[in-house]
Amino acid sequence: MLAFIIRRVLQSVVVLLVVGLVAFSLFRFVGDPVDNLLGQERTIEDIDRVRSELGLDQPFPVQYFRFLQGVAQGNFGVSFRQGRPVADILAERAPATLELAAVSALFAIVLGITLGVYTAIRRDGWLSNFIMTSSLIGVSLPTFLIGILLIYVFAVELGWLPSFGRGETVRIGWWSTGLLTESGLKAIILPAITLGLYQMTLIMRLVRAEMLEVLRSDYVKFARARGLSQRAVYFRHALKNTLVPVITITGLQLGSIIAFAIITETVFQWPGVGLLFINSIQFVDIPVMASYLMLISVMFVVINLIVDLLYFAIDPRLSASRGGGH
Amino acid sequence: MNKLTIALASAIALGATTAQAETFKWAAQTDPQTMDPHAVNSAPVLGFLNNVYEGLVRRGKDMSVEPALAESWEPLGGDGWRFNLRRGVTFHDGAAFTAEDVMFSYERASSEAADTASWFAPVSEVTVVDDFTIDFMTNAPNPIFPGSIANFMIMDKGWAEANGVELPAKDAENFATLNANGTAAFRLAERQPGLMTVLEPFEGWWGEVEHNITRAEFTPVQNSATAVAALLSGEVDMINPVPVQDAGRVAERDGVDVITGIEARVIMFGFAHQAETIKYADDAGQPNPFRDVRVRQAVAHAINVDAILQTIMRGAAEPASQLVSPAMRGYTPALAERPAHDPDAARALLAEAGYPDGFSFGLKCTNDRYLNDESVCQAAVSMLAQIGLRAELDAMPVRTYWPELREDNFDMYLLGWSPGTFDAEHPIRFLAATPNEEQRLGSWNFGDFSNPRVDELLPMIQSEIDDAARQAMLDEVAQILQGEQAYVPLYVQPLIWGVRDGVELTQRPDNFFILRWVTINE
């Protein structure tokens, strides 16, 4: 077990290093930050000076190595755009993204499971058919379109909810939360739905399929034969057995909720790390882009590692020699 | 600092003021990246900080230079300017304003660490005469110097020293990145980079208050559709800009209005004047036809600017004939006509130049820098095709565009220019003068246009005190540039702001949003 973990961790480190290398090799094609840093009245001399100050005149492996050196000392560098330490900026922005991700994951899980169970039980009801059909929208419409539609309906036409931002936030230590104020709660509704809709649909369809499978199995028939109530059959026996794959999928999806919050954050001007990343691409803010990409890959690597370990724990057939994972 | 207390206090303040009409909320695409007035020389920063800091002089609603921290100024002999400072001015923290603060700010803003240093390139020496008099000596007579430092903002020496911000932060943050202490009508109440910046009126301001704002909140909203939604739903009182394609729809809505004006920025096409050969498309390697003035004139005649403005700009922009707009000082009214749209004349010019069947070449364009820039280029490509010029369009984001142009990777290119000094001399220095690194000339003249008479006139214009003589020389340069068709000016870019009904404000051609000109009627 320990050997397996160590091997996976080492593999993960290699993955991270490769991600960083690829990222740095691509930054040249993103553009040149120097023009954004200098005003209209810059000279070619200024451009060369700033390029060498920032180390941009070095080949990318050197830039990458310097970045890694900094990271090893806990220093993610200084944002070109804001002139502030990247670590501070990320710490400032992370709560917004994590809260949004948590709320949309909650939304996706609760609603996904409820609707999944309902549509499985009332397989041919008109409401089930309606839910199943409309869930196709969640899968097929692009996120930004859903976001803009929601803004148009609920903010512009009905005026119930804010169209952008996070509302008022309250600071608890270094964490800023929008979940404790009325405007903050109102503000999170639309972005959370936008971000979680796809996951909700996915979970719903998964639960429904699993549930239908389980309801056909023998032990459910026996449970019914024993005269258990419908509720006990559906929720204590059937649902419990459908949750294993659901948990796996949800865990993996959590990573993508955080990583793909970029689009939702841009549409709703949600002040999280995704919006920060978009801004930093436009400005060619290399330290911010690099740190963001590294953090996201760390997150994915960690989630995958945990999932692998869970498999390992669940399935004894997976021996360390076969590696496991997927 | 107790952050929780601040958050609670601001939450209470928010709750208390949202009911009042005088809270003004506005949104723009870019967040000012710093609160330090000397750290970067960019329009979002300088425009925002004009509400917090003040210069010796400032620009009025019509861009004219007017007194601010200096009550008056006069030329000294010919090689400098004396500024008589306003008395009784205090900074937001209560400190008194004196010539020492100007001296300190000059040293700070002209230091190596400051991006504003180039404003002071003509300055040879600054001397404090007394507490309220300061002299700026220049290397040569400089008639436009006071106007050229309208964005040079004065910081309190004592405050800067107490907080260790004697120099702008170059590669780390410092106190002045997030805090401000100016003399202007508004003080910085709250700063959350990228989220929200709050200004409140400064009770001790020296000027006469025209606005009725008690609190102003700025939020950057990057996605323009979201900004429009925020305006329509009444969450913000003003947005800048409204996308051209949404302007009509916004104007039709009840409760909101669209304010259109003319920006100082002229959009134009430039050429490779010196390159031996064409670099792109089928004719790559062939001799460069753009070296011939007739070919450049043919381009000018081929482009139907009126059609571009009608279809792509929805009538919001105005045609341009020169490198500056008519609102700028030194504009030449006699050359207000741009070459007529005349494909036949254009074909004749091409035939005369030896290209009866046209040729192909590469056109470089931005796709995120100017309003609808890529569409303008696409329209131009089809117009050029009508006279046989087959342009291969390459549109790219601005972050890769300038490096391409610096590498001379173009045959023809799109450029927008907004003169920082609001004077016709500015584009001559940057776009028309023969590039010369040492003298800091022609640094944006990517196509290497070169004309000895223009180079000769430029220093004379820069040091001519007499307005009539100066204008005569500016007229001559404009005449040469138009005759040589050094560039093909297309139009002056519009400013399109969205405003809630009942808000009155002033749109300045430099796209600066000045809060003290805002009144809310309700």
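These legends walk through several close-up views of a predicted model.

**View 1. Chain A as a whole.** Let's begin with the overall build of chain A, which has 13 helices and two strands. Its C-alpha atoms fill a box of roughly 85 × 60 × 35 Å along the principal axes. Of the 326 residues of chain A, 37% count as buried. Among the contacts in chain A between residues at least 6 apart in sequence, 69% join residues at least 24 apart.

**View 2. Helix α1 of chain A, from end to end.** Here you can follow the 29 residues of helix α1 (residues 2-30) of chain A. At 1.5 Å a residue the helix should span 42 Å, and its end C-alpha atoms are 41 Å apart, so the two values agree. Look along α1(A) for A:R8, A:A23 and A:F24, which are buried. Just after α1(A) comes A:G31, with a positive phi of about 140°.

View 3. A:D35 counts as buried because it has 21 C-beta neighbours inside 10 Å, and 20 or more are needed. A:V50 is 15 residues from A:D35 in sequence, and their C-alpha atoms are 9.8 Å apart in space.

**View 4. Two helices of chain A packed against each other.** Helix α5 (residues 86-121) and helix α12 (residues 273-283) of chain A pack at an angle of about 130°, with their axes 7 Å apart. The two helices, α5(A) and α12(A), are therefore oblique to each other. On the α5(A) side you will find A:I89, A:L90, A:R93, A:A94 and A:T97, which meet A:V273, A:G274 and A:L276 in α12(A). The residues of this contact divide into five nonpolar, two polar and one charged.

**View 5. A hardly covered helix of chain A.** How many buried residues are there among the eight residues of helix α9 (residues 218-225) of chain A? The count is zero, and the helix is hardly covered. After α9(A) comes A:G227, whose phi is positive, near 85°.

**View 6. Two glutamines with a positive phi.** A:Q269 has a positive phi of about 50° although it is not a glycine, and it lies in the loop between α11 (261-267) and α12 of chain A. With 24 C-beta neighbours inside 10 Å, A:Q269 counts as buried. In chain B, B:Q485 also has a positive phi of about 50° without being a glycine. Look for B:Q485 in the loop between α16 (467-484) and β17 (487-500) of chain B. B:Q485 is buried, with 22 other C-beta atoms within 10 Å.

View 7. The largest nonpolar core has 215 residues, and B:I239 and B:L490 have the most contacts inside it. Helix α8 (residues 182-215) of chain A gives the most to this core, with 14 residues. Among the residues that B:I239 touches are B:W26, B:A27, B:L231 and B:W497. A cis peptide bond joins B:N240 and B:P241, with omega about 0°. B:P241 is in the loop between β11 (238-240) and α8 (244-252) of chain B.

Conventions:
Residues numbered from 1 in each chain as written. Chains lettered and ligands numbered in written order. Predicted model: local features only at pLDDT ≥ 70, side-chain atom pairs only at ≥ 80, totals over all residues. Core = buried A, V, L, I, M, F, W, Y, C linked by C-beta atoms within 7 Å. Buried ≥ 20, exposed ≤ 12 C-beta atoms within 10 Å, placed from the backbone. Helix = DSSP H or I, 4+ residues; strand = E, 2+ residues; numbered from the N terminus. Contact = placed C-beta atoms within 7 Å. Expected span 1.5 Å × (residues − 1). Axes fitted to C-alpha atoms, helices over the stretch in contact; angles between N-to-C directions. Parallel < 35°, antiparallel > 145°, perpendicular 65-115°, else oblique. Nonpolar A, V, L, I, M, F, W, Y, C, P; charged D, E, K, R; others polar. Lists of a residue's contacts leave out its neighbours within four places in sequence.
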